[in-house]
Amino acid sequence: MQGLRVEQLSPDLSGVALRDLPVPQPGPGEVLVRVRATSLNYPDLLMTRGEYQFRPEVPFTLGLELAGEVVSAPEGSGFGPGDRVMGGAKTGGMADYAVLSATSLRPIPGGLSFEQAAAMGAAYFTAYTALVEIGRLKPDQWVLIHGASGGVGLAACDLAVELGAKVIAATTRAEKFDKIIGAVPVDAAILNTGRFRDDVAEFTGGALCDIVFDPVGGDVLDESTRCVAFGGQLQVIGFVSGRIPEIAVNIPLIKGFSVIGVRAGEYARRFPERGKAIAAEVDGLASAGRITPHIDRTLPLTRWREAFDAMAAGEIVGKVVLVTGR
């Protein structure tokens, strides 16, 4: 089989290559999956540089999430050959075959293609965990979503709109506004650079936002502290900007809001029953056609460099999906 390997950490993908590899062999409790589609996530890019919090020993196969068909599964796992499944692990998805724990897989919701299933899992699970499970989002609340053109940000926009919230989508590039609004009917779009607090206040009639969803960090989070309503939440999702900001604690004290970190995968590991419930809710919404992952482009795995370069350049709106097979 072929797999996308990181053989050396590097800032320019020079240590990454598509290699011929043996098909992995499942161990106890593991399922062998014929991968049909795998999506690119920002942590994949960071792991090629050694800049992600999880640093696997090189060489390793990239790929956090995938969709495909079961080749073999252990008895009692609930899966059998030919089942259409989606799921993920920290590595291994960008290959023709992958081995995953049976507990990290679930059936593909009805009506979704392999490509859509590969694009949905991590993004919508993160969005639901943050906005609904932790944020207790209610209809008509104002939500400011940063990084709205990315996979996680656009999923958060899609989910929040579906749940009846009033959504302000923020991106670093004005030319992405039309694409974001074309994918999700948000209430407003703003540039998340410089001072955007006045824009947020204008859109909300001065009420500011009940939830600020921030996977960007840096200067964006600094300004976001001025955009949270009293009693609201500033949700820390990640630091795509590269700078981990610091908050003077007098700001949330005076303004009466909470700052909370959201690690959706860790949340599911610590509270497995809630993790299963969240996945079931997301899959139900997808089966009903109420949420739809937005795929910016679909490429063969052999064109992996094009996908990574587009992500690094900030060209993507939604997700990039790589399909396997020579």
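## Accessibility and the model

A residue is called buried when its relative accessible area is under 20%, exposed when that area is over 50%, and partly exposed in between, using a 1.4 Å probe and protein chains only. At 42%, Phe-271 is therefore partly exposed.

The model is predicted: local features need pLDDT of at least 70, side-chain atom pairs count only at pLDDT 80 or more, and totals for chains, interfaces and linings use all residues. Residues are numbered from 1 along each chain as its sequence is written, and side-chain values use heavy atoms, with hydrogens and water left out.

## Aromatic pairs

Rings of Phe, Tyr and Trp (its six-membered ring) pair if their centres lie within 6.5 Å; planes under 30 degrees apart count as stacked, over 60 as edge-to-face and the rest as tilted. By this rule there are 2 aromatic pairs. In one of them, the ring centres of Tyr-267 and Phe-271 are 5.1 Å apart and the planes meet at 55°, so the pair is tilted.

Trp-304 and Phe-308 form an edge-to-face pair, because their planes are at 80°, with centres 5.8 Å apart. Both residues lie in helix α10 (residues 304-312), 4 residues apart, about one turn of the helix. Helices (H or I, at least four residues) and strands (E, at least two) are DSSP runs, numbered from the N terminus. Trp-304 is buried at 9%, and Phe-308 is buried at 0%.

## Two residues of strand β3

Leu-32 lies in strand β3 (residues 30-40) and, at 9% relative accessibility, is buried. A contact means heavy atoms within 4.5 Å. Not counting residues up to four places away in sequence, Leu-32 touches several residues, including Val-23, Pro-24, Val-70 and Tyr-97.

Arg-34 is also placed in strand β3. The side chain of Arg-34 does reach the backbone oxygen of Asp-96 at 3.1 Å, and it makes a polar contact with the side chain of Thr-324 at 3.2 Å. A polar contact is a pair of N or O atoms within 3.5 Å; within protein, one must be able to donate a hydrogen and the other to accept it, and residues adjacent in sequence count only if both atoms are side-chain atoms.

## Salt bridges

A salt bridge is a side-chain nitrogen of Lys or Arg within 4 Å of a carboxyl oxygen of Asp or Glu. The whole structure holds 17 of them. One joins Glu-51 and Arg-49 (3.7 Å, N to O); Glu-51 is partly exposed at 48%, and Arg-49 is partly exposed at 26%.

In another, the closest N and O atoms of Arg-303 and Glu-306 are 2.8 Å apart. Arg-303 is partly exposed at 39%, as is Glu-306 at 35%. Elsewhere, salt bridges that share partners join Arg-195, Glu-223 and Arg-226 into one network. Within it, Arg-226 and Glu-223 have their closest N and O atoms 2.8 Å apart. Arg-226 is partly exposed at 34%, whereas Glu-223 is buried at 3%.
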